[in-house]
Amino acid sequence: MTRNSSEKPKSRAPVKVSTTVTKANLQALGTDRLADLLVELAEQDASLSRRLRMALTAVHAKDKLGKEIEKRLRTIQRSKGFLPWERVRPLGTELDTLRQSILNDLSTVDVRQAISAMRLLVEIAPSVYERSDDSSGYLSDVFREAASDLGALWGRQANRDPANVVTDILTLLDHDGYGTCDHLLASSGAALGETGSAMLRNALLVRLRDLPASKGKRDYHTDIARRQTIGHLLDLADVMGDVDAYIEATNLSDRQSGYIGNIARRLMDKGRHREAIAWLDRETNETPGFRRGHDDLRIEACEAVGDRTAAQSLRWTVFRETLSLSHWKAYQRHLSDYDAIDAEEAALDHIRNFPNRNVALSILLEWPVLNEAARFVRKHAEALDGRDYETLRPAAERLLEGYPHEATLLYRLLIEAVLDRGLSRYYAYAAKDFASCQLLAPMLSLAAGIESHDAFWTRLKAAHKRKLAFWSLVADP
């Protein structure tokens, strides 16, 4: 069928051309245009220029890459000017680019030179820290990554003497005053091997033996040296995957109780659940203050050895003490349908009588049982803390639609908590809560037994009439 000549052809929708800076869109410009733009920008940005030169070296002159990287690192090391916070991130970005170039480019050409460059990157950390404001932790993240990379590079060097690895590790750890090498040992397992690990462990034990005994709380430097050495032994035990060596290292500390949870976790990872329970029992007897922190470990261990009764008992205990819904739900999952009904009522009854009313309300809403939450608000409104806006405001919003009386009570608590303390910086929030009360006012019933909105406004005005900054934000009812 032919088209009538009088018909106008349908216009096609214009093709949208994206100007968003993405890899695909930039590729559409073509290599020549991109090259021109980069040259122009590099002439104005020394950092970009250095980065481009390094990228070109990695492609066209890999044999010179190591020297170029070390040259730049030494320049950074010699610099003396202070780095304010706005200059920290650009430097961190450059250092991270150098780190990746060492790890991904230089190491494929010469592992030995890559090790040398990465070690230099780790060693310049103190000089950079001393002249910079690294409050964001951006630089420290880069340096820690570099230390981990150094351990991995050692492991890639063929026929590397484990004794040299041990010497290098100890040297770096001894000169690390900023935590740069916190993860060095963890990444050095392949480089150490069994022989190097044994050598390092012996060296650390000798060092610990030769340290003077602590003279008490005031002997800070001796205690720090002992704790650091024990910490290295603990890290080494994890590298070796030897939980018994880990336990032996904690025996050298005067604070073994602080390691009980760590020991239990490692024993359980090895399938030694009964031993883990025995260690957790020590914690219960000796350090009750830490007990709640490792309840989940104990529950896991009890389940592993088939002691379901003990696991259930502990879940219920944790719920009763903390109102942890995750422990309640786990407890409920292990009940029969018949027992779950009685248990749920017992749990709700416990929440209703929990001494911290704000926590109890938040749990009822999280459960969720809105009718119970509304009943709880009505019964315990005077006991709720209006300063806890993180609990009460979301609670009021949840109850807004179906329970206007209870939502109103919560909004009033929030308003009065702000005005009673004269917190002018929160007046805007209190004004919004007052507006919510106004919206709910037509839904209030005298039969509900709560103060009318007009009466609340009159009382509030009389009590806080001088807080003009607040009243300027509030419309009269």
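**Notebook: a first look around**

I started with Val21, which sits in the segment before α1 (23–27). For helix names I follow DSSP runs numbered from the N terminus: helices are H or I with at least four residues, and strands are E with at least two. I am working with a predicted model, so local features need pLDDT of at least 70 and side-chain atom pairs count only at pLDDT 80 or more, while totals for chains, interfaces and linings use all residues. Residues are numbered from 1 along each chain as its sequence is written, and side-chain values use heavy atoms, with hydrogens and water left out.

**Surface patch**

Val21 counts as exposed because its relative accessibility is 67%. My cut-offs here are under 20% relative accessible area for buried, over 50% for exposed, and partly exposed in between (1.4 Å probe, protein chains only). With Leu26 and Leu29, Val21 makes up a nonpolar surface patch of about 270 Å² accessible area together. Those areas come from the Shrake-Rupley method with a 1.4 Å probe, and for residues only the protein chains shown count as cover. A patch takes residues with over 30% relative accessible area and no salt bridge; like charges are joined within 9 Å, and nonpolar side chains (Val, Leu, Ile, Met, Phe, Trp, Tyr) within 5 Å.

**Largest pocket**

Which residues lie nearest the centre of the largest pocket? I found Leu173, Asp176, Asp182, Gln228 and His232 there, out of 16 lining residues. By class I noted six nonpolar, five polar and five charged residues in the lining. The space in the largest pocket is about 330 Å³.

My pocket rule uses a 1 Å grid over the protein atoms alone: a pocket is an open set with protein on both sides within 12 Å along at least five of seven lines, unlike a cavity, where a 1.4 Å probe fits but cannot get out; lining residues have an atom within 4 Å of a point. Points are joined across faces, edges and corners, and the volume is the space filled by probe spheres set on them. Ala, Val, Leu, Ile, Met, Phe, Trp, Tyr, Cys and Pro count as nonpolar, Asp, Glu, Lys and Arg as charged, and the others, Gly among them, as polar.

Most residues other than glycine have a negative phi, and most peptide bonds are trans. Asn159 is not a glycine, yet has a positive phi of about 60°. Leu323 also has a positive phi of about 60°. Leu323, in the loop between α16 (308–322) and α17 (325–333), is buried because its value is 1%. I also found a cis peptide bond joining Trp367 and Pro368, with omega about -5°.

**Salt bridges**

I count 27 salt bridges, each a side-chain nitrogen of Lys or Arg within 4 Å of a carboxyl oxygen of Asp or Glu. Arg393 pairs with Asp433, closest N and O atoms 2.7 Å apart. Arg393 is in α21 (389–399) and Asp433 in α23 (427–440), so this pair ties together parts 40 residues apart in sequence. Glu416 pairs with Arg459 at 2.8 Å, linking α22 (404–421) to α24 (453–463), 43 residues apart. Elsewhere, salt bridges with shared partners join Glu345, Asp349, Arg352, Glu372 and Arg375 into one network.
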